[in-house]
Amino acid sequence: ERFTAGQMTATGDGLVGGWTQTPSQFLVHGRLKGLLKSKKLTVAIMHVGKDRQPAATGGERPAKVVDKADGTYDVQYTSVEAGLHEVAVLYEEQHIQGSPFQAMHKVSPD
C-alpha cells in the first residue's frame with residue numbers, strides 16, 4: 001500500500017493564527033520517518049491579501065521543521081505582518097488533509 005498526502009494530518013494553534021513577532025507552532029502527523037531528509041515534506045507560509053493572492057508586502061515566510069523521529073514533524077514560523085497567512089503543508093508536492101490552512105495573525109500586544 002502506497003502512503004499518500006491524504007493520509008497525513010496537522011494539528012495545532014499555528015494553523016489557525018497567532019500574534020506577529022511571536023512563534024506559531026503546529027504538528028504534522030505523517031507516520032513516516034525521514035521525510036525531511038528525502039525532501040518529500042515541505043511547508044510554505046505566505047502572507048495573503050483579502051483576494052487570497054500574495055499580499056504586496058507578502059512573500060514566503062521561512063518555517064522551521066523538525067523531524068521528531070516518531071513519524072511527526074514539529075513546525076514553527078513567525079509572522080512579521082498582521083493579516084491572513086496561507087499555511088501549505090505538502091507531501092510529494094500534494095497538499096495534506098486540510099491544506100492549505102488559513103491562519104489569521106494579529107499585531108502582538110507587546
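1. Two strands pair if DSSP finds at least two bridges between them. Strands are DSSP runs of E of at least two residues, and helices are runs of H or I of at least four, both numbered from the N terminus. In β7, tyrosine 77 is the bridge partner of alanine 63, and tyrosine 77 is also the bridge partner of serine 24.

2. This is a predicted model, in which local features need pLDDT of at least 70 and side-chain atom pairs count only at pLDDT 80 or more, while totals for chains, interfaces and linings use all residues. Residues are numbered from 1 along each chain as its sequence is written, and side-chain values use heavy atoms, with hydrogens and water left out.

3. Confidence: pLDDT is the predictor's confidence in each residue, from 0 to 100. The protein averages 84, and 81% of the residues score at least 70. Strand β1 (residues 9–11) has the highest confidence, a mean of 95, and strand β5 (residues 54–61) the lowest, at 58. Where pLDDT is low, the predicted coordinates should not be read in detail.

4. Strand content: the protein has 10 strands and 0 helices. β7 pairs with β3 in the antiparallel sense over 7 bridges. β7 also runs antiparallel to β6 (residues 63–67), to which 5 bridges join it. β6 and β7 form a hairpin with 4 residues between them, and alanine 69 in the turn has a positive phi of about 65 degrees.

5. A nonpolar core is a set of buried Ala, Val, Leu, Ile, Met, Phe, Trp, Tyr and Cys residues joined through side-chain atoms within 4.5 Å. The largest such core has 19 residues, and Val28 is among the members that touch the most others. β3 (23–29), β4 (41–48), β7 (72–78), β8 (83–91) and β10 (101–106) each supply at least two residues of this core.

6. Valine 28: taking contact as heavy atoms within 4.5 Å, and not counting residues up to four places away in sequence, valine 28 touches residues including Met8, Leu41, Tyr73, Val89 and Ile96.

7. Threonine 20: this residue lies in the loop between β2 (17–19) and β3. Threonine 20 counts as buried because its relative accessibility is 6%. A polar atom of its side chain lies 3.0 Å from the backbone nitrogen of serine 108. Beyond four places in sequence, threonine 20 touches Ser79, Val80, Glu81, Ala82, Lys106, Val107 and Ser108.

Conventions. Buried means under 20% relative accessible area, exposed over 50%, partly exposed in between (1.4 Å probe, protein chains only). A polar contact is a pair of N or O atoms within 3.5 Å; within protein, one must be able to donate a hydrogen and the other to accept it, and residues adjacent in sequence count only if both atoms are side-chain atoms.
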